[in-house]
2 protein chains.
Amino acid sequence: MRAEILCIGTELIIGQTVNSNATWLSKKLAAGGIDVMRHVAVGDNMGRISDALQLAWDRCDLIVVTGGLGPTDDDLTHAAIAAHFGLPMVEDPEALRSVAEALQRWNRPMNDVSRKMARIPEGSVALVNPAGSAAGIWLERAGHIIVTMPGVPREMEAMWQQCIEPKLHARADSAIVSHLLKFVGIPEQDAAGALKHLLDQANPSVAPYVGNGEVYLRVTAKAPDTATAEALMVPVIDEILATIGKHYFGRDGDTLESLVIEGLTGRRETLAVAESVTGGWLAQRLTAVPGASQVFLLGAVTYTSEMKSRLLGVDPALIDAHGAVSDPVARAMAAGVRATSGATWGIGITGLAGPLGDDRGTPVGRVYIALSGPGVDRCDERDFRTLGRDPIRWMATQVALRRLQQTLAGADPG
Amino acid sequence: MRAEILCIGTELIIGQTVNSNATWLSKKLAAGGIDVMRHVAVGDNMGRISDALQLAWDRCDLIVVTGGLGPTDDDLTHAAIAAHFGLPMVEDPEALRSVAEALQRWNRPMNDVSRKMARIPEGSVALVNPAGSAAGIWLERAGHIIVTMPGVPREMEAMWQQCIEPKLHARADSAIVSHLLKFVGIPEQDAAGALKHLLDQANPSVAPYVGNGEVYLRVTAKAPDTATAEALMVPVIDEILATIGKHYFGRDGDTLESLVIEGLTGRRETLAVAESVTGGWLAQRLTAVPGASQVFLLGAVTYTSEMKSRLLGVDPALIDAHGAVSDPVARAMAAGVRATSGATWGIGITGLAGPLGDDRGTPVGRVYIALSGPGVDRCDERDFRTLGRDPIRWMATQVALRRLQQTLAGADPG
């Protein structure tokens, strides 16, 4: 089965909204063994929706549509489908139920504007919205399937999972399985160069990507069933890890922060972080992991020298001598937040993200990341001068997480 | 001039990468008076790239292509353009310079793999990559313009701004100007309902969007020049603000956090925040604003009761009596972080984001957000039980920022 994803909404076309729905759906379709051939996005315009439907119809078996199901006049998706295939629009009892139940949950009255969402092309099956009001549809015609879902990601995802995925799974004839191997500290070109022969092969295929200071290799196999596809991948993954395993940190849903939280949990150890330049981003990343509250004791965002001294016990003379952005101050912050909190591990980050420099001539992009722990007192210096403010801050959190993740993985958990 | 954005890369089609390039380019094109008609994304496949080029050629004057310019064998964009239009591929001196200069910056040698990036379709003008190695092209044929840029957002953005935008601006015959009015605390349907007559009109047009707990109205006008377009919008914006201005907080680049930092800076006041459930996200949002270091004194992420007491002076008896997730504890955190830091304002957030509840039966999604300041001691209780872990955390930061932004805007700056 070949699919095309058609996203409808002027907000996409004028750059107001990132089309994350297409990305999310692509993942789901691939996991279900359905090849996605194209993403198309058009504005709220009958003619262009109709043209896009025709092209998708000619090229694919499954047309997955999002957006344009709301109550306002620029929500045209169902009207465009009806017009394109010459179907009348009818008020559907299931679609009306979708609207009525949502309004009841929200304590809002039914009115003509909302009631418009109950009108769908005749012959289609209404899909009740589990997380909102607008109904979607499942429409089969001449060997093609057209499904529509709301554009709001939360509603789209719920409708996909509860209404559409089960129907599609029942028809699938093969499984595509893929794993994402994650690396840090190696340029994409070096990874691709070392594995060139693997990148050229077809099943399993290996494709490199970059994102957020990390390099990913997606290994994908297609087979009649999931177990066979998984088995196909084993020797390829083994070879990749034998070649560039030094830079490997995790796979699929693993993130540096989830591995750190897991590592700490497994060792029954705790962590506290003191941040200056990263402004709470490191704490935010760590506490975004469910279960972090068991191991994360304290985050201190100490922008000023006074706070570094008062909360973390950093000696003011140290700051005077070396500057707030320096190796000794990062180490003192790590040791200080560890002492203040009683945590097993302390991280201290200080740096300069710009746009302005400091009065010591420290270059924008200079960051010091210190780790303090049992028998550990180290500091990494990095120079991210080619990056902007946010990437500098991000990369500083990357260095901190990678250092702790490696330390936790390398040491004997006892 | 009508444009289509064609993004090439299997990583898009399999859901590995969100197509943020299309969004970014749409904004830039709209600002330059160029109507974007469609986004299309296809994988690294000669046939599908060629089909997409043909369709875009038939429908538009300007084809903006991203991705597929790299050195690996699956980077096919220039080869596909050459094949589609029957042009030979030639090594171009400017394109070679783009590659060579980047390699020099990175201290890496030239090799055949990298040199491939210097080969472009004959008759096109090479665009030197300001932020990477792969060159783009500017190709004019039969009244159409085709431009290509790398898929890496940072490189794409630099090439657009330095190489392509100036050339396009020189040809523009009209300006599209748009403003985004931002609201918080009003459902999209209520905003749309109150302004229905405005949503129906064409120039200026008014379109509603939602995102991250905020509602936006984009007002867009098209005119021969920017000043005329701006003037067209004034009465429409006035009417919108007269109708739902109570929920308005800013426009265009304004964010709640940027307005808070601006407000504090203007009043020469300072801020400290104590976070539990939001885990540093509030501090992160605030410190992401350039200049935050002048007014942001301290962020304390105190997950444990002990840290709340030790760092913020929250009375353990208060936590025992009311629980860590309670109105009195939020107020004590706000007052405590204010006292500890000496800041003008203190914010305290405590809540439950799940997945697990606490042992007092507090529902997941319950959040308390307290503000302490000169003559101010208040606490907002919110119930985000319908949301997931991250949206609960996000919405808590929204409430905190909105409360402080309103307080700063409403009070006399003296």
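This is a predicted model: local features need pLDDT of at least 70, side-chain atom pairs count only at pLDDT 80 or more; totals for chains, interfaces and linings use all residues.
Colleague: Great! What is the order of the strands in the open sheet of four strands in chain A?

Modeller: Strands here are DSSP runs of E with at least two residues, helices are runs of H or I with at least four, and both are numbered from the N terminus. Two strands pair if DSSP finds at least two bridges between them. In this open sheet the pairing is antiparallel, and the order is 10-11-9-12.

Colleague: Which strands of chain A stand at the edges of that sheet?

Modeller: An edge strand has a single partner strand, so one side of it is left without a neighbour in the sheet. In chain A these are strand 10 (205-211) and strand 12 (248-251).

Colleague: How many bridges join strand 9 of chain A to strand 11 of chain A?

Modeller: Within this pair, Lys182(A) has Tyr216(A) in strand 11 as its bridge partner. Strand 9 (residues 175-184) and strand 11 (residues 214-223) of chain A run antiparallel, and the number of bridges joining them is ten.

Colleague: And which residue in the turn between strand 10 and strand 11 of chain A has a positive phi?

Modeller: Seven bridges join these two antiparallel strands, and Ser205(A) is partnered with Thr220(A) in strand 11. The strands form a hairpin with two residues between them, and the turn residue with a positive phi, about 55°, is Asn212(A).

Colleague: At what angle does helix 10 of chain A run to strand 11 of chain A?

Modeller: Angles run from 0 to 180 degrees between N-to-C directions, and axes are lines fitted to C-alpha atoms, for helices over the stretch in contact. Helix 10 (residues 226-244) of chain A lies across strand 9, strand 10, strand 11 and strand 12, and its angle to strand 11 is about 150°.

Colleague: Where in chain A is Pro204(A)?

Modeller: Pro204(A) is joined to Asn203(A) by a cis peptide bond, with omega about 10°. Its place is the loop between helix 9 (196-199) and strand 10 of chain A.

Colleague: Is helix 3 of chain A oblique or parallel to helix 4 of chain A?

Modeller: Angles under 35 degrees count as roughly parallel, over 145 as roughly antiparallel, 65 to 115 as roughly perpendicular and the rest as oblique. Helix 3 (residues 46-59) and helix 4 (residues 77-85) of chain A pack at about 60°, with axes 9 Å apart. That makes helix 3 of chain A, relative to helix 4 of chain A, oblique.

Colleague: Now the two chains: how many residues does each give to the contact?

Modeller: Residues are in contact if their C-beta atoms, placed from the backbone, lie within 7 Å. Chain B gives 58 residues, and chain A gives 58.

Colleague: Last one: which residue of chain B stands opposite Val301(A)?

Modeller: Strand 14 (residues 296-302) of chain A pairs with strand 14 of chain B in the antiparallel sense over five bridges. There, in strand 14 of chain B, the residue opposite Val301(A) is Gly299(B).

Conventions
Residues are numbered from 1 along each chain as its sequence is written. Chains are lettered from A and ligands numbered from 1 in the order in which they are written.
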